[in-house]
Amino acid sequence: MASKATFRFLSHAFFSITTPGGKTIITDPWIEGNPLCPIKLGDIKAADIVLVSHDHFDHAAQAVDIAKKTGAVVVTQPETMNRFKSQLGLADKNAVFGMGMNTGGSAHIAGITVTMTQAFHSSATACPAGYIVKMEDGTTFYHAGDTGIFESMRLLGELYKLDVALLPIGSVFVMDAVQAAAALKLLRPKVAIPMHYKTFPILEQSANRFVELAKKEAPQVKVVVLEPGQEYKLE
Ligand SMILES: [Zn+2]
C-alpha cells in the first residue's frame with residue numbers, strides 16, 4: 001500500500017475517507033440544507049461504502065443519493081435500511097447483506113472491515129450506532145456517531161487498536177468537550193478529529209475547549225481540528 005489513509009472533513013459528522021487501497025468511505029452524508037457543507041452532491045464522483053450512524057436528517061440525508069450515483073454499499077441497521085428501500089428506492093445490492101446489519105456485527109466490503117458499535121442517542125428508525133473500520137493496511141478508525149460517553153469505549157479501545165477517533169464534541173445532542181476529552185482516555189486513539197459542532201447555533205461553536213481539555217486529559221493523543229473541506233493524511 002503506497003499511501004496512507006486520508007480523512008476529509010465535510011462538516012458535522014460527514015467525512016470522506018480515502019483508504020490506502022484507494023477506496024472511498026463516506027460517513028453520515030448531509031449536503032442539502034447543511035450550512036457548513038463545502039460540497040455539492042455532484043462533487044462526489046465515487047464511493048464504495050456509505051456508513052449511516054442513525055436515521056436523523058443531519059446524518060442520513062444523502063446516503064441513498066450517493067449510493068444510487070456511485071453504486072456504494074450502505075451500512076446501517078435493518079429498520080433504517082427498510083426505510084431507505086421502501087421510501088427512497090435503495091436497491092438490495094446497495095444494502096449491506098441486502099438488508100442491513102446490527103450492533104456487534106461486521107461486514108467485509110471491498111477489502112475493508114466495518115464493525116457496528118453501540119451509541120447512546122435516538123433515531124427515527126432502529127437504534128443509533130457507531131462504526132469501527134479496519135482498512136486494507138490495518139489502519140483502524142472509529143466514527144462514534146452521535147453519542148454520550150460510555151464506559152465500554154474502554155473495551156472498544158482494547159479490542160481495536162484505534163489509529164483515529166472521530167468524536168462528537170458539540171454538546172446538546174452529543175458529548176460535550178468534557179466527555180469527549182474523557183473518551184480519549186478510554187479509546188486511546190493515536191489521533192482524534194472533533195466533529196458535530198458549530199453546525200447549529202445551539203451547538204458548541206468551536207473545538208477550542210475540547211483541544212484544551214484533551215491536552216490535559218490525554219496529552220498522548222494528537223488532536224487534529226479540521227475546517228469543513230480540509231483533510232488530514234495519516235503519517
Ligand atoms: Zn446529529
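## Aromatic pairs

Across the whole structure, a search finds six aromatic pairs. One of them, formed by Trp-30 and Phe-200, is tilted, with 5.8 Å from centre to centre and 45 degrees between the planes. Trp-30 belongs to the loop between strand 3 and strand 4 (49-51), while Phe-200 belongs to the loop between strand 11 and helix 6 (208-217), so this pair ties together parts that are 170 residues apart in sequence. The model described here is a predicted one.

Seven strands make up an open sheet with mixed pairing, and their order is 6-7-8-9-10-11-12. The edges are taken by strand 6 (106-109) and strand 12 (222-223); each has a single partner strand, so one side of each is left without a neighbour in the sheet.

Within this order, strand 10 and strand 11 (residues 191-195) run parallel and are joined by five bridges. Leu-166 has Ile-193 of strand 11 opposite. Helix 5 packs on the sheet, where strand 9 (140-143), strand 10 and strand 11 are touched by the helix. The direction of helix 5 makes about 150 degrees with that of strand 10.

Strand 1 (residues 6-9) and strand 2 (residues 15-18) run antiparallel and are joined by four bridges. Thr-6 has Thr-18 in strand 2 as its bridge partner. The hairpin of these two strands has five residues between the strands, and Ser-11 in this hairpin takes a positive phi near 90 degrees.

Strand 2 is also joined by four bridges to strand 3 (residues 24-27), and these strands run antiparallel. Here Ser-16 has Ile-26 in strand 3 as its bridge partner. Strand 2 and strand 3 form a hairpin with five residues between them, and Gly-22 in the turn has a positive phi of about 85 degrees. In general, the strands of a sheet pair through backbone hydrogen bonds, in either a parallel or an antiparallel manner.

Terms used: Residues numbered from 1 in each chain as written. Predicted model: local features only at pLDDT ≥ 70, side-chain atom pairs only at ≥ 80, totals over all residues. Heavy atoms only, no water. Pairing = 2+ DSSP bridges. Contact = heavy atoms within 4.5 Å. Axes fitted to C-alpha atoms, helices over the stretch in contact; angles between N-to-C directions. Phe/Tyr/Trp six-rings, centres within 6.5 Å; stacked < 30°, edge-to-face > 60°.
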